[in-house]
Amino acid sequence: MADTDNTRFCPSVTRRTLMTGTLAATAAWPFRSDTAEAGTAGPEMELPSLDPALALWLEWKAACLEVEALARKEQKLEFKLAQDIGYPCAFVEIPNDMERLSVFSLEQIRELLGNDPPTAHILIAAESELAAHRARWNAADEEIGWSAVKGHKAKAVEREEALADAMIGTPAMTIAGIAAKLDVVLREGETWEDSSDFPWPQIRSALHDMVRIERVVHPDSLMPGGDHEGPYPRQHGSYYSMRIAKPVHAATGA
């Protein structure tokens, strides 16, 4: 119906798998100094070509920005639909009951009214009202493109996840490549979980140390995570799933 999608990594399993894969991959492979390989060329131009993990990080970063932009657009359009049309629902007045209920699905209507013959006409009317409201929602949705944006966002999320998986499975060849993997772990972990809990502060501390040490030697080098001092904001369950509340019970009256 009108629920905002929240298709992301599984918070309880994939976070730990991602972290374990990163630590294993970075520990098992050697890395090279960026200046030894890049020669006299600018590090920001040469590093991605030297380190495939870093090149994937740049693609992943762009994919993250695309997902965020599409999520904001999706929510803006959903908010407009909710304001202009309202989430598809029907109002049900139970005989001898003072409450006037809002129902948002056929299942709710049938659960509320059942197969009781005295309320059969109420059930038919509620189903008809819900269908008409859904038709208005769908027509407005087609006009402004909320579902289309939602579909684009789902595909962008899939691409972001695929790039993250590919990077974790790609050996890092530079310090920047290792930092890139840690940055992915932090973003995909902290946005799901409390960033003050283990292991996120410890990983962030290690990443900051890596950035600080590398910048002493190569102050102009590209270092993932170097532009993000604090934790990534917790978005899942809030930003990506924010929507207007749909109460089960509406206030008495129209």
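Arg204 and Glu190 are both buried. In this predicted model, their side chains meet in a salt bridge, with N and O 3.0 Å apart. Arg204 belongs to helix 9 (residues 200–217), while Glu190 belongs to helix 8 (residues 175–190), so the pair ties together parts that are 14 residues apart in sequence.

Why can such pairs form? Side chains of opposite charge can pair when their charged atoms come close.

Helix 9 also holds a pair of its own, Arg212 and Asp209. These two side chains form a salt bridge at 3.0 Å, N to O. Arg212 and Asp209 are three residues apart in the helix, so about one helical turn separates them. Is Arg212 buried or partly exposed? Arg212 is partly exposed, with a relative accessible area of 49%. Asp209 is partly exposed too. Its relative accessible area is 32%.

Another salt bridge joins Glu93 and Arg100. Here the closest N and O atoms are 3.2 Å apart. Arg100 has a relative accessibility of 18%. Buried means under 20%, so Arg100 counts as buried.

| Salt bridge | N to O distance |
|---|---|
| Arg204 and Glu190 | 3.0 Å |
| Arg212 and Asp209 | 3.0 Å |
| Glu93 and Arg100 | 3.2 Å |

How many salt bridges does the count come to? The count comes to eight, among them Arg204 with Glu190 and Arg212 with Asp209.

Terms used: Residues are numbered from 1 along each chain as its sequence is written. This is a predicted model: local features need pLDDT of at least 70, side-chain atom pairs count only at pLDDT 80 or more; totals for chains, interfaces and linings use all residues. Side-chain values use heavy atoms; hydrogens and water are left out. A salt bridge is a side-chain nitrogen of Lys or Arg within 4 Å of a carboxyl oxygen of Asp or Glu. Buried means under 20% relative accessible area, exposed over 50%, partly exposed in between (1.4 Å probe, protein chains only). Helices (H or I, at least four residues) and strands (E, at least two) are DSSP runs, numbered from the N terminus.
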